[in-house]
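Please look over the sequence and the structure below before reading on. The notes that follow go through a few local features by topic.

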Amino acid sequence: MAANFWTSSHFKQLLDTMEVDVVHSPDKEKGLTPEEFRLVKIHMTNYIWKLAHHVRVRQRVIATAVAYFRRVYARKSMTEYDPRLVAPTCLYLAAKAEESTIQARPLVFYIKKIYVDEKYRFEIKDILEMEMKLLEALDYYLVVFHPYRPLIQLLQDAGMADLTHISWSLVNDSYRMDLILVHPPYMIALACINIASVLKEKNATAWFEELRVDMNAVKNISIEILDFYDTYRTPSDDRVNLVLSKLKA
C-alpha cells in the first residue's frame, strides 16, 4: 500500500464534483433520476454498515468498502452492476484489501438474515463472480486513504482532543456522500473539525489560520455536510426496492 497520499492511486483518481452523482445513460434510459441515484447509494451505504456489524470487521474496512461502492458507480451503471450484490461484494473485497479477510460463507448467511427479499439473496459464487467484475471496474486500484488518521493528528495539534467523538461521527457520516471521491482525506477531517468546533462553541480561527489551508474549500465541504443533514432522510427498503425495480424493467 502506498505510504503517501500524494503519490497514491487514490490521489490520482480524485474526481471533480461534476463527475460524481451522475446518472449513467443505461440508468437514465430506465427512468432513474439523480435523486433516486443518491437514494440508492445512501441505502446501500447503510446496508454495508449493517452487514459489517454482523461479520465484525474494523471501521477502516467499512469505510474502504463504501469508497469502493461509490467509486464503482462513478464509472458504471446500476443497470449493469446490481447494487444489491455490489454492496456486500465491496465489503468482501475491502476486507481482503485491508488484511481483515472475511469468508464468503458467513457473509452470504448474514445477507439472508438481514433481507428476506429474494432479490437480495445471493450465493457464494455470485459474490466471487462480482468480485472479479469489481476489480476490473476499479482498475485494480484498491488503495483508499481515510480521514480518520489525519483527524486524530489534527485534533491533537489543535489541542482539541475533546472534539474527537463528535468529529469522528461527522467523518462517519461523510461516507453517506461522495466526499471521499472528490477531496483529500485531511480536508474532510478539517471540515469535520470546523463543524465540531462551531457546534461546541470553540474558537478555532487562529489555529485554522496557522495551517494555511484553503479555508474556502474547508467551508464548502462543511456546508455540503450540513446540507446533507438538512435534507437526509433514511430511505425505506420499500422506496429503494421501487427504484431498483426500474432498473430490471
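This is a predicted model: local features need pLDDT of at least 70, side-chain atom pairs count only at pLDDT 80 or more; totals for chains, interfaces and linings use all residues.

Is W6 buried, exposed or partly exposed? W6 counts as partly exposed, because its relative accessibility is 43%, and the limits for that class are 20% and 50%.

**The surroundings of W6**

- W6 is found in the segment before helix α1, which covers residues 9–12.
- Together with F11 and Y186, W6 forms a nonpolar patch on the surface. The accessible area of these three residues together is about 290 Å².
- F11 is also partly exposed, because its relative accessibility is 33%.

**Aromatic rings**

- A pair of aromatic rings is described by two values, the distance of the centres and the angle of the planes.
- The count of aromatic pairs in the model comes to 15.
- One of them joins W6 and F11, with 5.1 Å from centre to centre and 70° between the planes. This pair is edge-to-face.
- F228 and Y232 form a stacked pair, because their planes are at 25° and planes under 30 degrees apart count as stacked. Their ring centres are 4.8 Å apart.
- F228 counts as buried, because its relative accessibility is 9%.
- One aromatic cluster is formed by F5, W6, F11, F145 and Y186.

**Helix α8**

- Helix α8 runs over residues 148–158, and its buried residues are Y148, P150, L151, L154 and L155.
- These buried residues line one face of α8, because they fall within an arc of 155° when seen down the helix axis.
- R149, Q156 and D157 are exposed on the other side of α8.
- G159 follows α8 and has a positive phi, near 70°.

- Most residues other than glycine have a negative phi.
- Y140 is not a glycine, yet its phi is positive, about 65°. Y140 is placed in the loop between α7 (124–137) and α8.
- Y140 counts as exposed, because its relative accessibility is 54%.
- E201 is another residue other than glycine with a positive phi, in this case near 55°. The loop that holds E201 lies between α11 and α12.
- E201 is exposed as well, because its relative accessibility is 74%.

- E36 has its place in helix α3, which spans residues 34–55.
- E36 counts as buried, because its relative accessibility is 13% and the limit for buried is under 20%.
- Leaving aside residues up to four places away in sequence, E36 touches G31, V243 and K246.
- T231 lies in helix α13, which covers residues 215–231.
- T231 is exposed, because its relative accessible area is 60%.
- T231 and C192 are 39 residues apart along the chain, and 18 Å separates their C-alpha atoms.

Technical notes
Residues are numbered from 1 along each chain as its sequence is written. Side-chain values use heavy atoms; hydrogens and water are left out. Buried means under 20% relative accessible area, exposed over 50%, partly exposed in between (1.4 Å probe, protein chains only). Helices (H or I, at least four residues) and strands (E, at least two) are DSSP runs, numbered from the N terminus. The arc is that of the directions from the helix axis to the C-beta atoms. Patches are made of residues with over 30% relative accessible area and no salt bridge: like charges are joined within 9 Å, nonpolar side chains (Val, Leu, Ile, Met, Phe, Trp, Tyr) within 5 Å. Accessible areas come from the Shrake-Rupley method with a 1.4 Å probe; for residues, only the protein chains shown count as cover. A salt bridge is a side-chain nitrogen of Lys or Arg within 4 Å of a carboxyl oxygen of Asp or Glu. Rings of Phe, Tyr and Trp (its six-membered ring) pair if their centres lie within 6.5 Å; planes under 30 degrees apart count as stacked, over 60 as edge-to-face and the rest as tilted. Contact means heavy atoms within 4.5 Å.
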